[in-house]
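Please look over the chain shown here before reading on.

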Amino acid sequence: LEAVEILKAEDFKFHLNIYGDGPLKSKIENGIKSRKLSNYISLFSTVDHYELFSAIQDSDLFVMSSISEGFPMAPAEAMVLGTPVVATLVGGIPELIENGVSGILVPSKNAIMLAESIKKVSMNSSLRNKLIFNGKKRIYDNFGSAKICEKLLNYYSEVMGK
């Protein structure tokens with residue numbers, strides 16, 4: 001919400017859609033109201049995968065501003081769908097995204113860098129195209145079914161001592 005306030009103050013034209021019914025939903029709703037950001041943010045309940053993937057694919061940018069994560073699927077799905085990603089440097093996200101190559105990574109809890117990165121990707125079409133191309137390639141090359149099968153076969157061979 002702090003990054004949204006920064007973008008609003010800079011008169012940057014955008015609209016943020018947030019999906020889900022997680023435990024932070026009421027806190028986010030209250031934050032939107034108290035910061036007067038209702039014209040900039042829409043909250044949606046959980047939707048089925050098809051609707052969510054359509055929304056991600058139709059978006060100009062996917063932002064994941066987590067303060068902690070395991071290995072997240074959402075930015076990987078956005079990358080496959082051809083939506084550039086800005087995400088925080090937490091958990092497994094740096095394993096997924098090469099900063100400046102297949103996405104943009106920023107420190108968590110740094111609203112200024114998050115807002116700057118959102119603007120940078122939104123306003124630079126050559127950067128957007130680079131992130132889209134490299135994001136798809138990164139997922140297919142490192143996490144596609146052929147690569148996963150190869151890793152599993154190598155693992156089983158190692159476990160069986162062959």
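Predicted model: local features only at pLDDT ≥ 70, side-chain atom pairs only at ≥ 80, totals over all residues.

Residues are numbered from 1 along each chain as its sequence is written, and side-chain values use heavy atoms, with hydrogens and water left out.

**Overall fold**

- The chain holds eight helices and five strands, where helices (H or I, at least four residues) and strands (E, at least two) are DSSP runs numbered from the N terminus.
- Along the sequence these elements follow the pattern α-β-α-β-α-β-α-β-α-β-α-α-α, and the C-alpha atoms fill a box of roughly 60 × 35 × 30 Å, taken along the principal axes.
- Of the 162 residues, 33% count as buried, that is, under 20% relative accessible area with a 1.4 Å probe and protein chains only.
- Among contacts (heavy atoms within 4.5 Å) between residues at least 6 apart in sequence, 58% join residues at least 24 apart.

**Helix packing**

- The axes of helix α1 (residues 2-9) and helix α6 (residues 111-123) come within 8 Å and cross at roughly 55°; axes are lines fitted to C-alpha atoms, for helices over the stretch in contact, and angles run from 0 to 180 degrees between N-to-C directions.
- α1 and α6 are therefore oblique to each other, the class left over when angles under 35 degrees count as roughly parallel, over 145 as roughly antiparallel and 65 to 115 as roughly perpendicular.
- On the α1 side the contact is made by Glu2, Ala3, Ile6 and Leu7, and on the α6 side by Ala111, Ile112, Leu114, Ala115, Ile118 and Lys119.
- The axes of α7 and helix α8 (residues 145-159) come within 5 Å and cross at roughly 30°, and these two helices are therefore roughly parallel to each other.
- Asp141, Asn142 and Phe143 of α7 meet Ser145, Lys147, Ile148 and Lys151 of α8 in this contact.

**Nonpolar cores**

- The largest nonpolar core has 19 residues, and those with the most contacts inside it are Leu7, Val86, Ile104, Leu114, Ile118 and Val121; such a core is a set of buried Ala, Val, Leu, Ile, Met, Phe, Trp, Tyr and Cys residues joined through side-chain atoms within 4.5 Å.
- Two or more residues of this core come from each of α1, β5 (104-106), α6 and α7 (125-143), and α6 gives the most, with five residues.
- A second, separate core of 14 residues includes Ala76, Val85, Ala87 and Ile93.

Conventions:
Buried < 20%, exposed > 50% of the residue type's maximum accessible area, 1.4 Å probe, protein only.
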